[in-house]
Amino acid sequence: ESELEDIRGGGTWKSERVIASRQGPHLRLAGGGAGIINFCANNYLGLSSHPEVIRAAVDALEKFGAGLSSVRFICGTQSIHKDLEEKIARFHQREDAILYASCFDANAGIFEALLTPEDAVLSDELNHASIIDGIRLCKANKYRYKHMDMQDLEAKLKEAQKHRLRLVATDGAFSMDGDIAPLREICQLAQKYDALVFIDECHATGFLGPNGRGTDELLGVMDKVTIINSTLGKALGGAAGGYTTGPKPLIDLLRQRSRPYLFSNSLPPAVVGCASKALDLLMESNAIAQSMAAKTQRFRSKMTAAGFTISGKDHPICPVMLGDARLASVMAEDMLNRGIYVIGFSYPVVPKGKARIRVQISAVHSDEDIDRCVEAFTEVGRKHGALS
Ligand code: PLP
């Protein structure tokens with residue numbers, strides 16, 4: 001109880017608002033609150049409530065049932081699982097792919113399966129918690145380089161030359177700061193020091209790059225990144241699930257050794273149906289992926305003009321930097337009173353003293369939605385003295 005009091009006292013208590021409608025740009029909250037404009041989902045492309053995605057889930061549910069009651073290698077593999085893996089590999093232009101119940105699981109499974117005590121993993125200090133946990137589980141030698149600092153990465157790569165194999169691990173796009181990893185430079189260093197490159201593309205798959213393939217496409221290094229982990233629970237329909245895609249021998253190895261794959265239930269058919277349809281939509285046309293950029297730019301430039309500091313660059317994750325945890329949470333409440341759903345992020349999700357409200361733009365926000373959000377921020381920011 002006293003620990004809980006400390007969390008409340010520190011202003012970092014995370015309460016959960018209850019939504020009584022589908023996920024989308026406009027929501028209804030339980031106990032009232034209709035017509036709320038939602039700016040904090042990872043529903044980047046608006047596919048979570050897309051009619052064709054929902055239809056595909058219903059069809060898969062009817063044809064293949066509620067679930068498999070089994071892990072993949074016992075009796076948990078249906079044709080739709082194999083089809084989705086093939087589709088994911090084609091989407092990313094890789095040899096093969098393997099499904100997991102979540103990307104958290106994909107990150108938990110990969111490092112331990114791939115790396116031995118003779119190997120080394122070099123990880124950006126601000127990598128997602130699931131990468132950090134995955135690395136903790138493996139017995140490789142661990143190096144942590146300063147956030148996106150190529151000099152530090154090079155120094156660590158030199159130090160790691162004594163090991164059998166080197167793997168550089170980074171988020172493609174960092175979810176708390178909206179910044180994009182310098183993959184060109186990372187891949188150049190990897191080539192120079194004979195290392196493999198792993199990226200987590202949860203906040204990039206579906207919408208970064210000309211065809212929405214992700215950070216590697218955006219930065220022109222699709223042929224240089226060895227391994228991609230990503231999620232089906234954000235832009236790709238938003239239901240759940242994750243995957244690894246990369247060279248076939250690596251995927252084969254994961255099927256034999258990866259613990260979250262070997263010891264956890266198969267992805268439910270309805271979830272497979274959603275993701276499969278989302279990928280079809282993205283492979284048919286790049287119009288959805290392309291529609292994000294102008295909206296992101298509108299929000300970022302209007303907020304900067306209003307006097308806010310927005311972290312990151314050109315990414316639909318737009319963190320409004322505030323510093324103080326209590327200010328972030330009080331401002332988020334005031335925003336909700338004005339019909340705008342945003343959430344304050346504070347320690348331990350972000351470092352102490354770097355609290356923020358993370359705004360996420362979706363392709364299905366209208367210009368009017370974005371302008372209403374900026375107006376509300378300006379009013380609330382003035383009220384709390386948060387504008388520079
Ligand atoms: N990696 C990153 C960068 C994420 O943001 C997330 C989700 O928050 C995950 C991994 C975990 O993804 P999933 O929700 O599929 O477990």
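This briefing covers the pockets, cavities and selected ring contacts of one structure. The model is predicted. Its largest pocket has a volume of about 880 Å³, and the second largest pocket holds about 490 Å³. A search of the whole structure also finds two cavities of 30 Å³ or more.

**Largest pocket**

- The largest pocket, with a volume of about 880 Å³, is lined by 42 residues, and the closest to its centre are His 128, Ser 175, Met 176, Val 349 and Arg 358.
- Helices α5 (103-114) and α6 (129-137) and strand β12 (343-345) each supply at least two residues of this lining.
- Both domain 1 (1-38 + 287-384) and domain 2 (51-284) contribute to the lining of the largest pocket, with at least three residues from each.
- Sorted by class, the lining of the largest pocket has 21 nonpolar, 13 polar and eight charged residues.

**Second largest pocket**

- About 490 Å³ of space lies in the second largest pocket, and of the 20 residues that line this pocket, Trp 13, Lys 14, Ser 15, Ser 329 and Gly 344 are the closest to its centre.
- The lining of the second largest pocket consists of eight nonpolar, six polar and six charged residues.

**Largest cavity**

- The largest cavity contains about 90 Å³ of space.
- Its lining is made up of Arg 72, His 81, Leu 99, Tyr 100, Ala 101, Asp 105, Pro 260, Tyr 261, Ser 264, Asn 265, Ser 266 and Leu 267.
- The elements giving two or more residues to the lining of the largest cavity are β3 and α11.
- By class, this lining divides into six nonpolar, four polar and two charged residues.

**Second largest cavity**

- The second largest cavity contains about 60 Å³ of space.
- The residues that line the second largest cavity are Gln 23, Gly 24, Pro 25, Asn 38, Ala 41, Asn 43, Gln 360, Ile 361, Ser 362 and His 365.
- Three residues of the lining of the second largest cavity are nonpolar and seven are polar, with no charged residues.

**Aromatic pairs**

- The structure has four aromatic pairs.
- One of them joins Tyr 100 and Tyr 261 in an edge-to-face arrangement, with 6.0 Å centre to centre and 70 degrees between the planes.
- This pair links distant parts of the chain, since Tyr 100 belongs to strand β3 (residues 96-100) and Tyr 261 to helix α11 (residues 259-262), 161 residues apart.
- Tyr 100 and Tyr 261 are both buried, and both are among the residues that line the largest cavity.

**Charges over rings**

- Arg 8 lies over the face of Trp 13, 4.3 Å from the ring centre; Trp 13 is also one of the residues closest to the centre of the second largest pocket.
- Lys 352 lies over the face of Tyr 347, 4.4 Å from the ring centre.

**Thr 296**

- Thr 296 is found in helix α14 (residues 292-306).
- Thr 296 counts as buried because its relative accessibility is 3%, and the cut-off for buried is under 20%.
- The C-alpha atoms of Thr 296 and Asn 229 are separated by 24 Å, and the two residues are 67 residues apart along the chain.

Conventions. Residues are numbered from 1 along each chain as its sequence is written. This is a predicted model: local features need pLDDT of at least 70, side-chain atom pairs count only at pLDDT 80 or more; totals for chains, interfaces and linings use all residues. Side-chain values use heavy atoms; hydrogens and water are left out. On a 1 Å grid over the protein atoms alone, a cavity is a set of points where a 1.4 Å probe fits but cannot get out, and a pocket is an open set with protein on both sides within 12 Å along at least five of seven lines; lining residues have an atom within 4 Å of a point. Grid points are joined across faces, edges and corners, and a volume is the space filled by probe spheres set on the points. Helices (H or I, at least four residues) and strands (E, at least two) are DSSP runs, numbered from the N terminus. Ala, Val, Leu, Ile, Met, Phe, Trp, Tyr, Cys and Pro count as nonpolar, Asp, Glu, Lys and Arg as charged, and the others, Gly among them, as polar. Domain bounds come from an automatic or database domain assignment. Rings of Phe, Tyr and Trp (its six-membered ring) pair if their centres lie within 6.5 Å; planes under 30 degrees apart count as stacked, over 60 as edge-to-face and the rest as tilted. Buried means under 20% relative accessible area, exposed over 50%, partly exposed in between (1.4 Å probe, protein chains only). A charge sits over a ring if NZ of Lys or CZ of Arg is within 6 Å of the ring centre and within 35 degrees of the ring normal.
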